[in-house]
Amino acid sequence: MASGTGRDAAEPMAVFGRIYRLARLVGDRQEKVYAGWGIGRGEFDVLAALRRCGEPYTLAPKALAAGLMLTSGGMTGRLDRLERAGLVRRTPDPADRRGLRVTLTDDGRRVVEESAEAGLAVQRQILDALSPGDQARLADLLRTLLAAAEAEG
């Protein structure tokens with residue numbers, strides 16, 4: 001339909017509606033999985049960022065907040081919860097008397113590694129509805145769409 005009416009006109013809404021619903025469903029399932037380790041998705045993101053940075057698994061709170069696109073207040077709340085749970089520790093920054101460093105504890109490393117694997121299992125379970133070839137095609141198509149959306153910025 002060239003006029004932009006009817007079914008073809010609504011197709012973008014249908015596609016992005018499904019993408020949004022799928023992301024929400026999978027995210028909710030992962031949230032339930034993470035709860036088994038006493039963390040939520042936000043806390044998992046902090047632990048995962050520290051784990052990804054490599055040994056000694058330490059970052060400044062500002063670097064964490066920037067990487068996770070959080071305000072300093074949002075980051076402080078997450079760090080407070082994680083520190084109370086013994087999953088991270090905050091220490092003075094030896095290079096800056098005014099700064100802090102956040103370090104993943106041994107328990108934090110165990111929690112993020114175990115919960116990450118459980119979260120991936122949720123994703124794999126959903127993707128198992130597609131053949132390996134369809135999974136690869138979907139990944140390629142989504143990569144293309146994401147690149148186009150980012151280019152439009």
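User: Helices are DSSP runs (H or I) of at least four residues and strands are E runs of at least two, numbered from the N terminus. With that settled, how many helices and strands does the protein have?

Analyst: There are 6 helices and 3 strands. Keep in mind that this is a predicted model.

User: Thanks! What pattern do they follow along the sequence?

Analyst: Reading along the sequence gives α-α-β-α-α-β-β-α-α. The protein is more spread out than a compact globule, because its radius of gyration is 20 Å, well over the 15 Å that the globule rule gives for 153 residues.

User: And what does the C-alpha trace span along its principal axes?

Analyst: About 65 × 30 × 25 Å.

User: How much of the protein counts as buried?

Analyst: Of its 153 residues, 25% count as buried. As for the surface, the protein exposes about 10400 Å², and carbon and sulfur atoms supply 57% of that area.

User: What about charges: how many positive and negative side chains are there?

Analyst: You have 23 positive and 21 negative side chains, and the centres of the two sets lie 3 Å apart.

User: Over how many bridges does strand 3 pair with strand 2, and over how many with strand 1?

Analyst: Strand 2 (residues 88-93) and strand 3 (residues 96-104) pair over 6 bridges, while strand 1 and strand 3 pair over 2 bridges. A hairpin of 2 residues connects strand 2 to strand 3.

User: Which residue of strand 3 does Pro-92 stand opposite?

Analyst: Pro-92 stands opposite Leu-100.

User: What does Leu-59 touch, apart from residues up to four places away in sequence?

Analyst: Its contacts are Ala-49, Leu-50, Cys-53, Leu-64, Arg-101 and Val-102. Arg-101 is worth a look here: Arg-101 and Leu-59 are 42 residues apart in sequence, with their C-alpha atoms 5.6 Å apart in space. For Leu-59 and Arg-98 the separation is 39 residues in sequence and 15 Å in space, C-alpha to C-alpha.

User: Okay, tell me about Arg-101. Where does it lie?

Analyst: Arg-101 lies in strand 3 and is partly exposed, its relative accessible area being 26%. Beyond neighbours within four places in sequence, Arg-101 is in contact with residues including Thr-58, Leu-59, Ala-60 and Pro-61, and also Arg-89, Arg-90 and Thr-91.

User: For the protein as a whole, what share of contacts joins residues 24 or more positions apart?

Analyst: Such pairs account for 49% of the contacts with a separation of 6 or more.

User: Now the backbone. Which residues does a cis peptide bond join?

Analyst: That would be Glu-55 and Pro-56, with omega about 10°. Pro-56 has its place in the loop between helix 2 (41-52) and strand 1 (58-59).

User: What should I compare that with?

Analyst: Most peptide bonds are trans, and most residues other than glycine have a negative phi.

User: On that note, what is phi at Tyr-57?

Analyst: Tyr-57 has a positive phi of about 55°, although it is not a glycine. Tyr-57 lies in the loop between helix 2 and strand 1, and Tyr-57 is buried at a relative accessible area of 9%.

User: And Met-69: what is its phi, and is Met-69 buried or exposed?

Analyst: Met-69 also has a positive phi, about 55°, without being a glycine. Met-69 is exposed, with a relative accessible area of 75%. You can find Met-69 in the loop between helix 3 (61-68) and helix 4 (72-84).

Methods:
Residues numbered from 1 in each chain as written. Predicted model: local features only at pLDDT ≥ 70, side-chain atom pairs only at ≥ 80, totals over all residues. Heavy atoms only, no water. Rg over C-alpha atoms; globule rule 2.2 N^0.38 Å. Buried < 20%, exposed > 50% of the residue type's maximum accessible area, 1.4 Å probe, protein only. Contact = heavy atoms within 4.5 Å. Areas by Shrake-Rupley, 256 points an atom, 1.4 Å probe, with all protein chains shown as cover. Lys, Arg positive; Asp, Glu negative; His and termini not counted. Charge placed at Lys NZ, Arg CZ, Asp CG, Glu CD. Pairing = 2+ DSSP bridges.
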